[in-house]
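Here is a guided walk through one protein model. Keep the structure open beside the text and find each residue as it comes up.

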Amino acid sequence: MRTAYRVETVRAAEAEVMARLPDGALMQRAAAGLAAACAGLLRRVSGARVVLLVGSGDNGGDALYAGARLARRGAGVSAVLLGSRAHEAGLAALTGAGGRVPGDPYAALARADLVLDGITGIGGRGGLRPEAVPVVRAARDSGAVVVAVDLPSGVDADTGEVHGEAVRADATVTFGTYKPGLLIDPAREYAGAVRLVDIGLDLPARPDVEALQHADVARLLPVPTGESDKYRRGVVGVVAGSARYPGAAVLAVSGALRGGAGAVRYVGPAGDAVLARHPETLVHAGPPGRAGRVQAWVIGPGLGDTPGVDDVLASGVPVLVDADGLRNLDPSAVRARPAPTVLTPHAGEAAALLGTERQDVESRRLEAVRELAGRYGATVLLKGSTTLVASADGPVRVNPTGTPWLATAGSGDVLSGLAGSLLAAGLAARDAASAAAYLHGLAARRASRGAPVAAYDVAEALPGAWRDVRA
């Protein structure tokens, strides 16, 4: 599992380590890992042209010491000083190893093979300062590999927000732990490939943000035994579809069945369409309370104005609410439920629930998902360029398997059915939402393989995604 911590926590952990080490030893650890990562990105170090963009703080010191190590291996290293001062010992180390401060930084950048961004790092707030902007643009236009030190300058380490102009890196070398901004858009797009360098930090057991990996998801997924029947595997009730959107019902049922449900009870007007694709489905005209025994409900995809949300929320089993079911959803009704509730909005639906604008949600995704989880007392899966899962307890989870190929009609309906099947199997709400998002992303990658993909293709690829995770 990848874990990420806020700057305040990282700073405290660094201070504890520095108190036990000789002066400057922690920075040397970081610089050694940074230099090794940069060397791996160059065809050869000797003769390579490296330009350091150096700010006033320790981030600039890391860059200078790493530059000194590269210079000692034969690289031509130049330092462009962008702060009010430079790290004195780091600058001395660089010049002592043969590095220099160029008279014309733009000429140096035009010839660079690699540019190291050491302007602000995790301590920065807001976008780049005006004097740094033209230099950063020149670095990007040079065609050189751009490597960020700890975090691309100009992005917010704690939230993933980007205010103004920021460095767009091809790679980021981060120290001690991941920072939330490296995992969450829009900042994640600025980080490129991220490499973690261990510098010996002792961090709290509970991170601020975490991202599941294959092994984590494999431990969560239910596996039937010889004693299993459809109820032990989980029966999902799906209230979805309408005369206008019968396909939403088919896709939600597909996600539930391919997600491992023992059975699916469908309630709604699209029964004929559902049975034509999935004859094993148990179809009922409604209302949901009379459809029969279920262990979880999914309601909302393609529902239109069809009633049923209040009936489902009144049940004593876990409920997932998506799409049309989210419209005018009453926070007090959700908070009063005795069983878990999962909400799965996209940014526009989240904005409506919060009474704000879609752009505001997209620019501050972490804050928005936490606010929704608190307001509704629910687990919230916020879909989008970075899918986030938040609940009242535990770190926010970031899904690492998302792909732009999921931006297609009906994809969210499949995800709802899949998450519902995991709720019915007995997974906790946060685990069901997280594992579903992970499998959904893997299935989309499997189905597309770089080509256009439709939502039903994603559903069909879910069994393969299960095999990938459990392999």
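This is a predicted model: local features need pLDDT of at least 70, side-chain atom pairs count only at pLDDT 80 or more; totals for chains, interfaces and linings use all residues.

Where is the place of proline 186? Proline 186 sits in a loop, the one between helix H7 (180-183) and helix H8 (187-191). The peptide bond that runs from aspartate 185 to proline 186 is cis, with omega near 5 degrees. Another cis bond joins glycine 286 to proline 287, where omega is near 0 degrees. Proline 287 belongs to the loop between strand S11 (282-284) and strand S12 (296-299).

Stay with the backbone and turn to phi. Aspartate 150 has a phi near 75 degrees, which is positive in a residue other than glycine. Look for aspartate 150 in the loop that links strand S5 (145-149) and strand S6 (171-175). Aspartate 150 has a relative accessible area of 5%, under the 20% limit, so this residue counts as buried. Asparagine 328 is not a glycine either, yet its phi is positive at about 60 degrees. Its loop lies between strand S13 (319-321) and helix H14 (331-335). Is asparagine 328 buried or exposed? Asparagine 328 is exposed, because its relative accessible area of 76% is over the 50% limit.

Threonine 341 lies in strand S14 (residues 341-343). With a relative accessible area of 4%, threonine 341 is buried. Its side chain makes a polar contact with the side chain of arginine 337, at 3.0 Å. Valine 309 is part of helix H13 (residues 309-313). Why does valine 309 count as buried? Its relative accessibility is 16%, and buried means under 20%, so valine 309 falls within that class. From valine 309, look across to arginine 375. These two residues are 66 residues apart along the chain, and their C-alpha atoms are separated by 18 Å.

Now the rings. What lies over the face of tyrosine 456? Arginine 277 does, at 4.2 Å from the ring centre. Pairs between aromatic rings are another matter. With ring centres required to lie within 6.5 Å, the count of aromatic pairs comes to zero.

How many cavities of 30 Å³ or more does a search of the whole structure find? The search finds two. The largest cavity has a volume of about 60 Å³. Its lining includes Leu212, Thr387, Arg397, Pro400 and Ser434. Strand S17 (396-398) and H19 are the elements that give two or more residues to this lining. By class, the lining holds five nonpolar, three polar and one charged residues.

The second largest cavity has a volume of about 40 Å³.

Last, the open pockets. The largest pocket has a volume of about 750 Å³. Its lining counts 33 residues, and His346, Lys383, Leu406, Ser411 and Gly412 lie nearest its centre. Which helix gives the most to this lining? H18 does, with four residues. Helix H11 (246-258), helix H15 (347-354) and helix H19 (429-448) are among the others that each supply at least two. The lining divides into ten nonpolar, 15 polar and eight charged residues.

The second largest pocket holds about 420 Å³ of space. Its lining has 23 residues, of which Glu14, Met18, Met27, Asp58 and Asp62 lie nearest the centre. Helix H1 (7-20), helix H2 (25-41) and helix H3 (58-72) are the elements that give two or more residues to this lining. In this pocket the lining splits into eleven nonpolar, six polar and six charged residues.

Definitions and conventions. Residues are numbered from 1 along each chain as its sequence is written. Side-chain values use heavy atoms; hydrogens and water are left out. Rings of Phe, Tyr and Trp (its six-membered ring) pair if their centres lie within 6.5 Å; planes under 30 degrees apart count as stacked, over 60 as edge-to-face and the rest as tilted. A charge sits over a ring if NZ of Lys or CZ of Arg is within 6 Å of the ring centre and within 35 degrees of the ring normal. On a 1 Å grid over the protein atoms alone, a cavity is a set of points where a 1.4 Å probe fits but cannot get out, and a pocket is an open set with protein on both sides within 12 Å along at least five of seven lines; lining residues have an atom within 4 Å of a point. Grid points are joined across faces, edges and corners, and a volume is the space filled by probe spheres set on the points. Ala, Val, Leu, Ile, Met, Phe, Trp, Tyr, Cys and Pro count as nonpolar, Asp, Glu, Lys and Arg as charged, and the others, Gly among them, as polar. Buried means under 20% relative accessible area, exposed over 50%, partly exposed in between (1.4 Å probe, protein chains only). A polar contact is a pair of N or O atoms within 3.5 Å; within protein, one must be able to donate a hydrogen and the other to accept it, and residues adjacent in sequence count only if both atoms are side-chain atoms.
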